[in-house]
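Visitor: I would like a short tour of this model. Please keep to what the coordinates show.

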Amino acid sequence: MRPSYRTEVVTDEPAFAELAPVWGRLYGRSPRATPFQSHAWLHSWWLSYGTPGRLRLVLVRAGGELVAAAPLMRVARPLPSLVPLGGAISDYGDVLLDDGHGEAALTALTEGLATAARTALIDFREVRPGAAAELVYERWGGPRHRLDDSLCLELPAVAIADLIARLPSKSQQRARAKLRKMHALGVQRSAVKPDEVERALRRLLELHRLQWQGRKVTSEHLRLRFRDHLVRAVAEMVRTGDAVVTEFRLDGDVVAVDLTLMSRWLSGGYLYGAHPRLREHKTDVAAMLLEAGAEQAHVAGLGTLSLLRGDEPYKHHWRPETVVNQRLLLARRHTAPLLAAAVCGAAARRRGKELVRRRKERDGGGRS
């Protein structure tokens, strides 16, 4: 007998907390999911950043078991929209979809989203190519539009020796020399146990502040709400294997702490803090972290070692593949004007950024 599929929209915050067990099982059956769709990450994010009354969790159940979920919230600006939970501090947005229920769960989720949207636009941000949200996009019967979002850089999840072997010969020599220097210095690393995560993360954020002192830093990383979110989310994620916190010690002192998030197929270095004394020893911190991350991903048998969002020059030293996240806009026929406004707004911002870039290049050229 085929199961019947029931769709509901949860707006009650205590009910979100109670979903942890069934959400965790669905997350485990959703092969495309990233750690940013885990219950620990999303519920903790909501506690730090959510606005009461705006929660919209579109859920699909079959025989009482959760088989699909779209973690969203309602916003009024710049346009009335349903947007993914996780916000700007999450590198990937997506829905959860149990592949074992295939087309039926996908259809029910898509229909549930159309009902929940009502007078709002659905605006999926930072959707990685191949994500489950793309299946919803393809199934959507109303107006829709796809835009490029952030750029991510990715490497294969192989041992550091194999990553080095992908480089030109001179770069290989430099990379090996940097690692030999770090090993000779005596830097040691160890994974943090779940009951030590809070202490380690507080140290991470302290070191992060030190390493950026006097330079432009992401201000959110220095805020109390961000710290509280990390401590709540990551302690649980370490217990479930969705995160690894690594401490690096020199002469017994913790000189760096790294937070890496992990799914069934992807590992991504999310945030780290490093003491300035490592620079004094001319330690290549990026190479040190990559060696640890590559080993973690390789041992876990993952396919992708993600450098997550950002086009920083140091990442390109390792010849990564460029992957562009997508922004998926979904509307109903009566909300098509919202979609048009979103597309026009994105185009205007793109033109503005291009003008700023050209001006900087022109001014820089005039000074040289």
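Visitor: Which residues line the largest cavity?

Guide: This is a predicted model, in which local features need pLDDT of at least 70, side-chain atom pairs count only at pLDDT 80 or more, and totals for chains, interfaces and linings use all residues. Residues are numbered from 1 along each chain as its sequence is written, and side-chain values use heavy atoms, with hydrogens and water left out. On a 1 Å grid over the protein atoms alone, a cavity is a set of points where a 1.4 Å probe fits but cannot get out, a pocket is an open set with protein on both sides within 12 Å along at least five of seven lines, and lining residues have an atom within 4 Å of a point. The largest cavity is lined by Pro35, Phe36, Leu261, Leu266, Gly268 and Leu308.

Visitor: How much space lies in the largest cavity?

Guide: The search covers the whole structure and finds 1 cavity of 30 Å³ or more. Grid points are joined across faces, edges and corners, and a volume is the space filled by probe spheres set on the points. For the largest cavity, that space is about 30 Å³.

Visitor: Which residues are the closest to the centre of the largest pocket?

Guide: The largest pocket has a volume of about 1200 Å³. Its lining takes at least two residues from each of several elements, including helix H8 (197–211), strand S11 (266–274) and helix H12 (313–316); helices (H or I, at least four residues) and strands (E, at least two) are DSSP runs numbered from the N terminus. Of the 40 lining residues, the closest to the centre are Tyr270, Tyr272, Glu312, Tyr314 and Lys315.

Visitor: Which residues touch the most other members of the largest nonpolar core?

Guide: A nonpolar core is a set of buried Ala, Val, Leu, Ile, Met, Phe, Trp, Tyr and Cys residues joined through side-chain atoms within 4.5 Å. Buried means under 20% relative accessible area, exposed over 50%, partly exposed in between (1.4 Å probe, protein chains only). Of the 54 residues in the largest core, those that touch the most other members are Trp41, Leu230 and Tyr270.

Visitor: Which residues does Leu230 touch, beyond four places in sequence?

Guide: Contact means heavy atoms within 4.5 Å. Residues up to four places away are not counted. The list for Leu230 is Trp41, Leu201, Leu205, Ala235, Leu259, Tyr270 and Leu271.

Visitor: What span does helix H4 reach?

Guide: Helix H4 (residues 102–117) has 16 residues.

Visitor: Which residue follows H4?

Guide: The residue after H4 has a positive phi, near 50°. That residue is Arg118.

Visitor: Where is Asp251, and is Asp251 buried or exposed?

Guide: Asp251 has a positive phi of about 55° although it is not a glycine. Its place is in the loop between strand S9 (243–250) and strand S10 (253–262). At 64% relative accessibility, Asp251 counts as exposed.

Visitor: How many disulfides are there?

Guide: A disulfide is a pair of cysteine sulfur atoms within 2.5 Å. Cys152 is buried, at 0% relative accessible area, whereas Cys344 is exposed, at 52%. By this rule the count is 0 disulfides.

Definitions and conventions: The expected span of a helix is 1.5 Å times one less than its number of residues.
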